[in-house]
Amino acid sequence: MMPRQVVNVSVTPRGSLEILSQREVQNLSQFGSGSTYQLFRQCALAILNTGARVDNAKTILEAYADFEVHIHQLDRGVSLELRNAPADAFVDGHMIASTREMLFSALRDIVYTESELRNQRADLSNSNGITDYVFHLLRNARTLTPGVEPKMVVCWGGHSINTEEYKYTKRVGHELGLRNLDICTGCGPGVMKGPMKGATIAHAKQRVTDGRYLGLTEPGIIAAEAPNPIVNELVILPDIEKRLEAFVRVGHGIIIFPGGVGTAEEFLYLLGILLHPDNRELPFPLILSGPKESAGYLQQLHEFVGATLGPAAQARYEIIIEDPVLVARKMKQGLAEVKQFRRERSDAFHFNWLLKIEESFQRPFEPTHENMANLELRRSTPPHELAANLRRAFSGIVAGNVKDKGIRLIEQYGPYEIHGDPEIMQPLEALLTAFVEQQRMKLPNGSAYQPSYRVVS
């Protein structure tokens with residue numbers, strides 16, 4: 001059981017928050033009932049635990065089983081009544097400003113998502129409708145800023161990286177910030193924090209007062225990876241697939257740092273999209289980078305891509321070792337190409353409409369034991385479809401490692417089984433084994449990692 005100190009308090013948003021209808025407040029405020037309330041409660045608890053080195057949703061929920069959040073309608077907005085809330089979110093009785101902002105961002109996103117679905121304003125029956133839905137979610141969160149030239153750099157990587165890797169991400173973020181580039185991450189610890197921290201210092205040096213530190217997450221992840229306090233724009237998408245699409249639609253280039261299965265999932269998702277024939281000519285700067293200590297890891301990931309997806313996939317990215325300045329310069333050059341490409345085609349800077357994403361990449365994947373066992377991991381599968389299925393396999397492993405529902409499924413039925421051709425399964429098992437040996441699956445806590453999967457050729 002986690003050690004805990006709790007407080008009871010009522011908080012209101014600073015600044016503006018979209019007014020909630022009486023029906024929305026009523027739906028949310030029914031204590032202990034309704035999936036929407038439970039979803040917001042879980043996200044709120046995660047945000048209040050920002051800074052805690054716990055990456056297990058089940059552990060957090062059990063430690064604060066008596067946590068309650070009640071939503072009250074006011075004449076000019078809403079207030080949140082918190083009972084048995086984590087005391088670390090407060091200083092001298094006042095909630096930390098970044099925590100307050102993210103708490104009400106969570107309320108905004110969850111209410112809007114539920115409202116769109118209940119009122120059937122979102123058409124999720126086809127690919128274009130799903131993309132339009134992602135656009136509306138981002139627009140409602142005021143994330144899209146028309147007219148600003150491409151400068152949003154997405155940084156992907158692990159939450160349980162070592163000290164040298166973390167320092168390296170800060171150095172890269174610093175170089176990006178010196179070039180007036182903004183940062184978007186998954187908003188948690190590790191790689192999701194380091195680049196933002198480095199960019200914050202660089203922006204201060206350059207007297208940049210409007211630097212953006214955008215965090216994109218989803219309910220299943222936020223409880224395991226609470227937002228870091230540098231995030232000044234938090235958006236909670238309804239599921240993994242919407243979150244991934246938001247990354248590649250709003251980001252102008254991506255840097256991938258060392259990580260584990262979650263990072264591999266994101267990397268394979270992007271490669272699957274970039275390998276689609278319709279995206280062959282579309283510029284999308286993609287760099288894999290890390291300190292010299294991580295050169296072996298990056299090479300292993302590179303070899304895995306070659307063994308499973310082939311040289312065409314390897315050609316879509318560049319690997320840079322121990323050179324933050326070169327990473328930033330290459331990214332800046334790549335963003336100039338993106339700017340020119342979109343201007344020539346009259347595409348928006350703030351949302352990548354031209355990127356082709358097939359519906360199979362957009363449909364939520366439910367990592368049940370049956371679905372994991374039925375994944376098509378065959379050599380005969382077209383590369384972009386194989387990448388999508390490999391991404392789903394890694395998504396299931398992430399769920400079994402850190403998500404409350406996934407953890408309970410593994411406890412009940414045992415590890416997932418992943419089947420496929422030996423030519424695919426052998427490099428997959430080698431990569432996963434390396435992740436375990438390097439403690440890239442979870443934050444080291446002194447206990448041996450118990451795999452949530454079993455690879456079967």
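1. Strand β10 (residues 253-256) runs parallel to β6, and the two pair over four bridges; pairing here needs at least two DSSP bridges between two strands. Helices (H or I, at least four residues) and strands (E, at least two) are DSSP runs, numbered from the N terminus.

2. Before you go further: this is a predicted model, where local features need pLDDT of at least 70, side-chain atom pairs count only at pLDDT 80 or more, and totals for chains, interfaces and linings use all residues. Residues are numbered from 1 along each chain as its sequence is written, and side-chain values use heavy atoms, with hydrogens and water left out.

3. β6 also pairs with β7, again in the parallel sense, over three bridges. Val154 finds its bridge partner there in Cys184. To get from β6 to β7 the chain passes through α6, and this β-α-β crossover is right-handed (clockwise from the first strand over the helix to the second, with the strands pointing away from the viewer).

4. Is β6 buried or exposed? Five of its five residues are buried, so the strand is largely enclosed by the rest of the structure. Met152, Val154 and Trp156 lie on one side, Val153 and Cys155 on the other. Buried means under 20% relative accessible area, exposed over 50%, and partly exposed in between (1.4 Å probe, protein chains only).

5. The buried residues of α7 (194-205), including Met196 and His203, pack against β6, α6, β7 and β8 (contact means heavy atoms within 4.5 Å). Just after α7, Arg207 takes a positive phi of about 60 degrees.
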